[in-house]
Amino acid sequence: MTNLLRHHLFWPVAALVALLVANTVASPGFLAITVRDGHLFGAPIDILRTTAPLLLVALGMTLVIATRGIDLSVGAVVAVSGAVALSHIASSPNPDSPVTVLTAIGLALALCLVLGVWNGFLVSVLGIQPIIATLILMTAGRGVAMLITGGMITTVNSAPFKVLGSGFWLGLPVAAVLAFGVFAVVAFVVRRTALGMLLEATGINPAASRLSGVRSKTLTWTVYAAAGLFAGLAGLLISADTMAADANNAGLFIELDAILAVVIGGTALSGGKFNLSGTLVGALVIATLERTVTVVGISPLVTPLFMALVVIAVTLLQSPRMRERLTAATRRPVATTPPEPQSAARPDSTEVKAR
Amino acid sequence: MTQQTTPPVVEMTGISVEFPPVKALDGVDLHLRPGEIHALMGENGAGKSTLIKALTGIHSPTEGTIRVDGVERRFTGPADARAHGVSTVYQEVNLCGNLTVAENIMLGAEPRRLGGLHWRAMRRQAATHLERMGLSIDPASSLGSHSLAVQQLVAICRATVGDCKVLILDEPTSSLDTDEVAHLFTVMRALRDDGVAILFVSHFLDQVYEVSDRMTVLRNGRLVGEFITADLPTHELVQHMIGRSMDVLEAAEHVVERAGRPAGTTPLLQAVGLGRKGSVQPFDLELYEGEVVGLAGLLGSGRTELARLLTGADRADAGQTRMAGKPARLRTPRAAMDLGIAYTSEDRKGEGVVDGLTVRENIVLGLQARRGWMRPLPRKQVDELVASYIEQLGIRPADPEALLRNLSGGNQQKVLLARWLATAPRLLVLDEPTRGIDVGAKAEIQKLVADLAADGMSVVFISAELEEVLRISHRIAVLRDRRKVAEIDGGGATMDQVVDLIAGGGAA
């Protein structure tokens with residue numbers, strides 16, 4: 001029991017299950033999945049689809065945070081990505097041709113990669129603090145997106161592009177398949193190669209890593225570039241969902257949701273040890289939470305407050321200190337004589353009581 | 001066993017501390033009496049730090065009682081302990097370098113006025129405390145601008161603010177030079193004469209004998225006994241500490257075979273006019289295979305800076321280097337590493353170990369970094385490699401998955417050595433590899449260095465302990481004021497000779 005409680009995924013998964021239960025209580029058919037035209041339909045499938053962009057952004061964010069960094073610019077990069085892709089399609093004479101769509105995707109991803117490289121340059125070469133370095137692009141990026149769209153919300157009709165947002169592949173939403181697929185590949189690469197360990201070493205002790213021959217600068221640079229690329233892909237999914245590029249509102253606050261997903265998943269903002277499976281659960285929790293608000297019928301007036309309360313609860317339960325206290329609580333019945341009341345409040349006094 | 005004239009101010013009885021599954025302390029007693037300097041002795045991992053932390057409330061003992069002034073207590077943490085007169089100064093200076101000296105000293109006991117801080121009174125009070133310590137520094141200067149030694153004294157100064165009955169000094173001398181140590185001892189004796197009970201932890205046996213009145217010896221988490229310093233000969237103390245005879249140490253006395261090198265050999269690494277502004281003046285140095293070159297000099301003489309230029313940790317702005325006769329550029333640690341140069345920094349915590357990773361990950365880090373992230377070492381090979389180094393270097397606990405921050409200093413140092421040995425270097429530069437570690441581990445590391453050289457490796461060895469440098473070096477380069485001033489043959493050199501060179505030839 002204690003081991004289960006101590007597992008790093010216990011609280012995030014518990015929160016996810018609790019949210020699903022709450023939804024099922026409010027709307028009994030919530031978990032039902034039906035097959036229509038060979039595609040799967042239902043609220044859980046919908047959640048997978050809406051999680052997709054957040055999952056991609058949170059994936060990049062996890063890697064950046066592992067190196068002690070943070071990337072605030074990903075929301076702006078999402079906007080740039082959508083703006084580039086849709087502007088290209090809109091200006092093309094043949095918006096339904098796959099070549100046009102593929103060029104648009106390629107252009108958008110290439111530019112987002114460049115933006116990520118720019119962030120990485122500021123952080124790893126110029127040594128600017130990550131929060132400041134990425135703040136630059138966070139503000140400037142939306143301006144760039146505005147320039148590209150000419151200050152208007154660009155809308156297009158392009159069947160091949162629309163597939164990204166609302167198409168299905170093997171019965172599943174294309175967006176979800178893409179995001180979860182990319183996530184799985186990256187997670188596999190990070191953990192099967194030495195990349196994960198080298199990133200963690202860089203995040204925990206950059207000086208020691210450098211002296212040990214780790215190319216910390218290159219690694220740091222790479223993760224920012226990757227974060228830009230993943231945010232670009234997320235931007236494509238978001239703009240394909242609405243078929244509109246909104247420079248001001250696309251991916252608004254997604255960077256904060258992504259940071260939240262990382263934290264809920266149990267990766268500390270101080271860098272070092274990171275946990276991709278936790279990020280996955282974290283992203284699902286956030287997407288489910290947004291869904292819950294409508295299903296349970298919470299007034300829009302108190303929605304932000306409700307979400308804040310849930311997030312506070314999960315992050316508190318996830319914090320090491322809280323977890324120590326909880327494990328102390330579960331062991332308390334074994335205690336014989338309680339020590340001084342003052343020390344009873346200390347988490348590491350549990351060893352005494354456990355005797 | 002000993003006469004109990006004054007009642008102890010601290011009485012710890014039957015203390016056990018567990019970090020499951022490890023029992024770090026097992027039924028240990030410690031008695032501290034007012035007006036006494038009490039040394040706590042033991043090898044790395046003997047439980048010295050754990051015992052101190054049990055007293056100050058950082059660890060909770062699973063068994064045993066702690067009495068302070070006859071009252072049974074369990075402190076909730078260092079702040080609580082300090083409030084009851086038990087202050088600690090840790091091995092690493094735990095102060096805020098960006099605050100002023102006065103702020104650091106008075107932190108937590110700041111004089112207040114009108115709901116704000118009374119800055120003038122703070123500086124005045126701090127000045128009084130500093131004066132008592134015989135320190136003539138400006139209380140308004142920032143702490144970071146002072147040497148480590150001064151910071152250490154400031155830390156002690158801070159600990160004695162308020163009602164201090166017990167002062168715990170954990171390795172206070174490990175980064176001090178001889179004069180600074182003498183100064184510290186004067187301060188300690190003055191505090192003792194004021195009736196303070198001092199618990200002194202040090203690996204320097206001569207210092208322990210010089211300053212302590214009584215000692216408690218621990219081994220492997222158990223109490224060996226309490227002794228009166230004057231009644232316990234050194235060799236008996238060492239036997240108590242390491243549980244084996246002096247032979248190990250004796251063996252280390254003659255670790256290096258002083259075989260001559262054949263004339264006309266190409267140096268493995270040759271530095272010509274290598275230097276860096278503000279760091280070390282241009283110097284020439286030749287390093288040969290199978291040879292240990294010691295760097296001698298005081299703290300700040302440039303010995304560390306020289307080592308950093310040789311290993312790419314800092315970039316030289318003058319001079320050339322040749323590796324095995326071929327021009328080589330040592331621009332980064334990575335470039336040096338690719339040439340077979342390994343460097344362990346003197347700052348083990350800041351620049352050496354990655355404390356959030358495991359022993360296994362720390363050992364393979366160098367080798368893996370060199371292979372690149374795309375070619376991970378096969379797990380089986382890693383496990384064999386790690387197991388063999390744990391065995392060969394005697395790393396404790398012998399658990400590859402243990403987090404490095406849970407290891408003692410000496411064991412962390414061994415892990416660091418293992419990381420570099422795994423890369424099979426041709427030149428190994430060791431900066432203070434034996435600082436702050438115990439006699440047994442020290443002898444093991446010296447032996448290891450000698451063995452590596454005998455196997456053909458070239459070693460540069462830096463240590464603040466001159467005896468150690470003399471003992472294991474074939475050649476010694478002496479540094480003074482950031483300049484290489486001499487190079488002498490290790491075989492014929494005597495202590496006096498080297499001390500003269502370091503001091504500047506009769507300047508003293």
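How many residues does helix α5 of chain A have, and how far does α5(A) reach from its first C-alpha to its last? Keep in mind that this model is predicted.

**Stop 1: a helix in chain A.** Select residues 98-125 of chain A. This is helix α5, and it has 28 residues. From first C-alpha to last it reaches 39 Å, close to the 40 Å expected at 1.5 Å a residue. Now step past the end of the helix. A:G127 follows α5(A), and its phi is positive, near 70°.

**Stop 2: where the chains meet.** Show both chains. On one side, 29 residues of chain B are in contact with 31 residues of chain A. Select α11 (333-338), α12 (348-352) and α13 (359-371) of chain B: these are the elements that give two or more residues to the side touching chain A. With six residues, α13(B) gives the most. Colour this side of chain B by class. You will find 12 nonpolar, nine polar and eight charged residues.

Stop 3: Select strand β1 (residues 10-19) and strand β4 (residues 63-68) of chain B. They pair in the antiparallel sense over five bridges. Pick B:M12; its bridge partner in β4(B) is B:I66.

**Stop 4: an open sheet.** Stay in chain B. Four strands form an open sheet in the order β14-β13-β16-β17, with antiparallel pairing. Why do β14 (280-287) and β17 (326-328) of chain B each have one side without a neighbour in the sheet? They stand at the edges, each with a single partner strand, so one side is left without a neighbour in the sheet. Neighbouring strands are turned by 25° against each other on average, direction ignored. Zoom in on strand β16 (residues 318-323) of chain B. Three bridges join β16(B) to β17(B). Look for B:R322, which stands opposite B:P327 in β17(B).

Stop 5: In soluble globular proteins, nonpolar side chains tend to be buried together. The largest nonpolar core here has 179 residues, and A:V57 and B:V460 have the most contacts inside it. Select helix α11 (residues 216-242) of chain A: it gives this core its largest share, 15 residues. Then centre on B:V460. Beyond its neighbours within four places in sequence, its contacts include B:L287, B:V293 and B:A307. Finally, find a second, separate core of 69 residues; B:L25, B:L51, B:M133 and B:L218 are among them.

Notes:
Residues are numbered from 1 along each chain as its sequence is written. Chains are lettered from A and ligands numbered from 1 in the order in which they are written. This is a predicted model: local features need pLDDT of at least 70, side-chain atom pairs count only at pLDDT 80 or more; totals for chains, interfaces and linings use all residues. Two residues are in contact if their C-beta atoms, placed from the backbone, lie within 7 Å. Ala, Val, Leu, Ile, Met, Phe, Trp, Tyr, Cys and Pro count as nonpolar, Asp, Glu, Lys and Arg as charged, and the others, Gly among them, as polar. Two strands pair if DSSP finds at least two bridges between them. A nonpolar core is a set of buried Ala, Val, Leu, Ile, Met, Phe, Trp, Tyr and Cys residues joined through C-beta atoms within 7 Å. A residue is buried if 20 or more other C-beta atoms lie within 10 Å of its own, exposed if 12 or fewer, and partly exposed in between; C-beta atoms are placed from the backbone. The expected span of a helix is 1.5 Å times one less than its number of residues. Axes are lines fitted to C-alpha atoms, for helices over the stretch in contact, and angles run from 0 to 180 degrees between N-to-C directions.
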